[in-house]
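Keep the viewer open as you read.

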Amino acid sequence: PHYSQEPSRHPCLIINAKEPFNAEPPRSALVSSYITPIDLFYKRNHGPIPLVDDIERYSVSICGLLGNPKDLFMNDIRKLPKYNVTATLQCAGNRRTAMSKVRTVKGVGWDVSAIGNAIWGGAKLADVLELVGIPKLTKSTPSGGKHVEFISVDMCKEENGGPYKASIPLIQATNPEADVLIAYEMNGEPLNRDHGYPLRVVVPGVIGARSVKWLDTIKIIAEESQGFFMQRDYKMFPPSVNWDNIVWSTRKPQMDFPVQCAICSLEDVDVVKHGKVIVSGYAVSGGGRGIERVDISVDGSKTWVEASRYQKTGVPYIADDISSDKWAWVFFQAEVDIPQITEIVAKAVDTAANVQPENVEVIWNLRGILNTSWHRVHVRVGH
Ligand code: MTE
Ligand code: MO
């Protein structure tokens, strides 16, 4: 693989790995706007960024278990109804660095910013599949338990130089309400190379690993994808499993992400002026579940205050309201009085009353995924 044709990137990004390029914005930049600017959006790659230059000839082949395979060109996709879906993409490895402090885990280290919220523009996968004769999901359509595999053009060492692959169940792919997109725009601009130009999949509410970039093939298959990133990565194992006793086939590929939150207005160890501190950050849950509550403690979790929540500045967020963005994060904010030296803690509750685990130890796993433990920052009052 060669890294001589990488795109240029914003100098603010914190680089966690250079080749393949993996980078995240500083915490404070992450929460400076509800829609994450493209150049500050985290970049998560497993190989060099592909260069698709002949857009006229670029096509996506739809094949596999169907009677009528087809190559779709950009124009075919653009002719379909266009949807703009505001959705938060989160890498399963978000907050991995903190998990690694308990016991070493394998994978690129990330602080709390392997996450971003964008307006994805494109066609619904359900409409694309209809073009090859696969009906949209209704109560009576049997899916036969099939899956839809997305195959890219990038080359990953985990795939022995082959392309990145992932799959989702056909019932999700054909459900218009699931809002799975074949996206060609991000925040109103054509997708850039880092984020999947010319086409990428966006699977809202699901770990970022299933949102395949640089899409080349959509394949209808009988079982879930046998690709590396489905079968030997991005699975959640218990703390007892280590590299000597791991049996990959005992677990399912991770899909929805659990409830998560992080404080982004403060870093370890910030020195703050006496008195009031603004504690702000993001909260999000997978599977389209909204955020019910965010609790903040400044006394080691003895007492809590509830933070205010919003998506649009100045408008209180109401979970499950039609005016709220169902697949998107929620920003929270609270003003607190802090003692001399303290740990500030944030934890979120989603609309299914799912809570975050108190400690990272209890969810430690060897691949370091889904660190959704209570988020803690240490601050000190100075002068
Ligand atoms: N798609 C391809 N083709 N190659 C990749 O390496 N990484 C996945 C996913 N899609 C990846 C991919 C992972 S793990 C994540 S978290 C998201 O893309 C990151 O998307 P972003 O770089 O646009 O933020
Ligand atoms: Mo990821």
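In what sense do strand S21 (residues 341-350) and S22 pair, and over how many bridges? They pair in the antiparallel sense, over 6 bridges. Before going further, a word on what you're looking at: this is a predicted model, in which local features need pLDDT of at least 70 and side-chain atom pairs count only at pLDDT 80 or more, while totals for chains, interfaces and linings use all residues. Residues are numbered from 1 along each chain as its sequence is written, and chains are lettered from A and ligands numbered from 1 in the order in which they are written. Strands here are DSSP runs of E with at least two residues, helices are runs of H or I with at least four, and both are numbered from the N terminus. Two strands count as paired if DSSP finds at least two bridges between them.

Now zoom out. The protein is divided into domain 1 (14-250) and domain 2 (260-381), with bounds that come from an automatic or database domain assignment. Their centres, taken over C-alpha atoms, are separated by 26 Å. Across the boundary, 37 residues of domain 1 are in contact with 30 residues of domain 2, where contact means that the C-beta atoms, placed from the backbone, lie within 7 Å. On the domain 1 side that touches domain 2, the elements giving two or more residues are helix H1 (27-30), strand S6 (83-90) and helix H3 (96-100). S6 gives the most, with 5 residues. By class, that side of domain 1 has 20 nonpolar, 10 polar and 7 charged residues; here Ala, Val, Leu, Ile, Met, Phe, Trp, Tyr, Cys and Pro count as nonpolar, Asp, Glu, Lys and Arg as charged, and the others, Gly among them, as polar.

What about the inside? The largest nonpolar core has 96 residues, and those with the most contacts inside it are Leu181, Ile182, Tyr282, Ala283, Val294 and Val330. Domain 1 and domain 2 both give residues to this core, so it lies between them. A nonpolar core is a set of buried Ala, Val, Leu, Ile, Met, Phe, Trp, Tyr and Cys residues joined through C-beta atoms within 7 Å. As for burial, a residue is buried if 20 or more other C-beta atoms lie within 10 Å of its own, exposed if 12 or fewer, and partly exposed in between, with C-beta atoms placed from the backbone. Leaving aside neighbours within four places in sequence, Ile182 is in contact with Ile77, Gly122, Ala123, Leu125, Val128, Leu199, Val201 and Leu215.

Next, find strand S10 (181-186), which is mostly covered: 5 of its 6 residues are buried. S10 runs antiparallel to strand S7 (residues 115-124), joined by 5 bridges, and Trp120 stands opposite Met186 in S10. S10 is also joined to S12 by 3 antiparallel bridges, with Val202 in S12 as the bridge partner of Leu181. With S11, S10 forms a hairpin that has 2 residues between the strands, and Asn187 in the turn has a positive phi of about 50°. Asn187 is partly exposed, with 18 other C-beta atoms within 10 Å.

Then there's an open sheet of 5 strands, in the order S5-S4-S13-S8-S9, with mixed pairing. Strand S5 (70-73) and S9 stand at the edges, each with a single partner strand, so one side of each is left without a neighbour in the sheet. Even so, 4 of the 5 residues of S9 (residues 165-169) are buried, so S9 is largely enclosed by the rest of the structure. Strand S8 (residues 147-152) runs antiparallel to S9, with 5 bridges joining them, and His147 stands opposite Pro169 in S9.

Most residues other than glycine have a negative phi, and most peptide bonds are trans. A cis peptide bond joins Tyr197 and Pro198, with omega about 5°, and the bond from Asp268 to Val269 is cis too, with omega near -20°. Ser301 has a positive phi of about 70° although it is not a glycine.

Technical notes:
Two residues are in contact if their C-beta atoms, placed from the backbone, lie within 7 Å.
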